[in-house]
Amino acid sequence: MHDAAEDVDQELREHAEKLALTLSQGGMQKTTARVMTALLFSRHETMTAGELCESLRISSGAVSGAVNQLIPTGMIERVPAPGSRRDHYRFRKHAWSTLMGNQNTLLASMWDAAAGGIKIAGRESVVGLRLDEMQDFYGFMQREMAALIDRWREQYDAGQG
């Protein structure tokens with residue numbers, strides 16, 4: 001006999017797997033995507049590596065590799081669990097805005113690449129004209145992304161109070 005909690009857990013797992021598939025189609029390693037979405041859709045505050053292995057039916061090495069990829073991105077974090085010697089992981093608060101904020105590094109690199117090309121070729125050259133548009137676009141995106149993330153955080157945090 002199924003109880004309601006088991007049904008909810010199963011539906012959450014199905015949604016997690018669907019998102020993991022979408023993320024892997026977008027370029028994220030499949031196991032990494034599955035670990036991330038398992039933590040995102042978990043009804044528990046934290047999960048251990050063993051719980052992730054059991055839930056996803058993957059090896060401890062696969063979980064370890066995924067965790068080592070996700071922690072530096074700011075999507076998940078290792079947290080202490082009083083009375084437990086095992087590592088516990090959870091999906092970080094503001095993970096999405098952190099991830100988008102990390103995109104500013106890419107935006108800055110694109111701006112710098114354009115600036116370097118303009119310096120070499122000159123702004124009025126054929127190359128310079130193309131790179132001027134690129135530089136303007138990525139400069140605009142950098143400024144707007146940072147402001148947009150700040151506005152979202154203020155709005156979200158205000159709604160949590």
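Helices (H or I, at least four residues) and strands (E, at least two) are DSSP runs, numbered from the N terminus. This is a predicted model, in which local features need pLDDT of at least 70 and side-chain atom pairs count only at pLDDT 80 or more, while totals for chains, interfaces and linings use all residues. Residues are numbered from 1 along each chain as its sequence is written, and side-chain values use heavy atoms, with hydrogens and water left out.

The buried residues of H5 are Ala-95, Ser-97, Thr-98, Asn-104, Leu-107, Ala-114, Gly-117 and Ile-118, where buried means under 20% relative accessible area, exposed over 50%, and partly exposed in between (1.4 Å probe, protein chains only). What covers these buried residues includes H4, E3 and H6, with contact meaning heavy atoms within 4.5 Å. H5 is followed by Gly-122, whose phi is positive, near 90°.

## Packing of H1 against H2

Helix H1 has 22 residues and reaches 32 Å from its first C-alpha to its last, close to the 32 Å expected at 1.5 Å a residue. The axes of H1 (residues 4–25) and H2 (residues 30–41) come within 8 Å and cross at roughly 145°; axes are lines fitted to C-alpha atoms, for helices over the stretch in contact, and angles run from 0 to 180 degrees between N-to-C directions. On the H1 side the contact is made by residues including Leu-12, His-15, Leu-19 and Leu-23, and on the H2 side by residues including Lys-30, Met-36, Leu-40 and Phe-41. The residues of this contact divide into ten nonpolar, three polar and three charged, counting Ala, Val, Leu, Ile, Met, Phe, Trp, Tyr, Cys and Pro as nonpolar, Asp, Glu, Lys and Arg as charged, and the others, Gly among them, as polar. Just after H1, Gly-27 takes a positive phi of about 120°.

## The three-stranded sheet

Three strands form an open sheet in the order E1-E3-E2, with antiparallel pairing; two strands pair if DSSP finds at least two bridges between them. The edge strands are E1 and E2 (76–79), each of which pairs on one side only. Two bridges join E1 to E3 (residues 88–91), and these strands run antiparallel; in E3, the bridge partner of Met-47 is Tyr-89. Helix H4 (residues 60–73) lies across E2 and E3, running at about 105° to E2.

Thr-48 is found in strand E1 (residues 47–48) and is buried, with a relative accessible area of 9%. Leaving aside residues up to four places away in sequence, Thr-48 touches Arg-86, Asp-87 and His-88.

Phe-140 has its place in helix H6 (residues 126–160) and is partly exposed, with a relative accessible area of 42%. The C-alpha atoms of Phe-140 and Asn-68, 72 residues apart along the chain, are separated by 33 Å.

Note on methods. Expected span 1.5 Å × (residues − 1).
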